[in-house]
Amino acid sequence: MKKLLLLSGVIALSTLGFSSVAVAESSYMPAYVEEGLIRICKSAALDKSFRMSKEIKALHLKTRVVALNVVCNGQDIISFAEYYGAKKTTAKLSHSIGSVQVTDLAQIRDYQYDVSFKF
């Protein structure tokens, strides 16, 4: 019964022009999680690395999960901290993701291709 009521509410809101995704996202996040994420975003922007780590631990999250999934004011948290000039927190969050190396195979000239043919 609860699922039917929730589904009918979502359908009614979506027909009125509201996004059902936004309704679903705002309804399942508890207030204490949202407030904790706001504190994490603020401490990241203010370059308070210790406070950010403390808030991440308080929510029982990992720094990598925060770096990959938290969005602050429409930007990912690393870009958000970088925008405000927070070098320590940007470095900490970037370091938690790890490094990725991309190699362009078209530009590698180590191989020589020998082709033999007759006319």
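Buried, for today, means under 20% relative accessible area, with exposed over 50% and partly exposed in between, using a 1.4 Å probe and protein chains only.

First, the ground rules. This is a predicted model, where local features need pLDDT of at least 70, side-chain atom pairs count only at pLDDT 80 or more, and totals for chains, interfaces and linings use all residues. Residues are numbered from 1 along each chain as its sequence is written, and side-chain values use heavy atoms, with hydrogens and water left out.

Now the overview. The chain has 7 helices and 2 strands. Helices here are DSSP runs of H or I with at least four residues, strands are E runs of at least two, and numbering starts at the N terminus. In sequence order the pattern is α-α-α-α-α-β-β-α-α. Of the 119 residues, 22% count as buried. Contact means heavy atoms within 4.5 Å. Take the contacts with a separation of 6 or more: 54% of them join residues 24 or more positions apart.

On to H3, residues 31-45. H3 has 15 residues and spans 21 Å from first C-alpha to last, close to the 21 Å expected. That expectation is 1.5 Å times one less than the number of residues. Which residues of H3 are buried? They are Gly36, Leu37, Ile40, Cys41, Ser43, Ala44 and Ala45. Their cover includes H4, helix H5 (63-69), strand E1 (71-72), helix H6 (77-83) and helix H7 (87-97). Just past the end of H3, Asp47 has a positive phi of about 65 degrees.

Next, the partner. H3 packs on helix H4, residues 49-58, at about 165 degrees, with the axes 8 Å apart. So H3 runs roughly antiparallel to H4. The cut-offs: under 35 degrees is roughly parallel, over 145 roughly antiparallel, 65 to 115 roughly perpendicular, and the rest oblique. Axes are lines fitted to C-alpha atoms over the stretch in contact, and angles run from 0 to 180 degrees between N-to-C directions.

Who meets whom? From H3, Arg39, Ile40, Ser43 and Ala44 meet Arg51, Met52, Glu55 and Ile56 of H4. By class, that contact has 4 nonpolar, 1 polar and 3 charged residues. Nonpolar covers Ala, Val, Leu, Ile, Met, Phe, Trp, Tyr, Cys and Pro; charged is Asp, Glu, Lys and Arg; the others, Gly among them, are polar.

Last stop, Glu55 in H4. Is Glu55 buried or exposed? Buried, because its relative accessibility is 15%. Beyond its neighbours within four places in sequence, Glu55 contacts Arg39 and Ile40.
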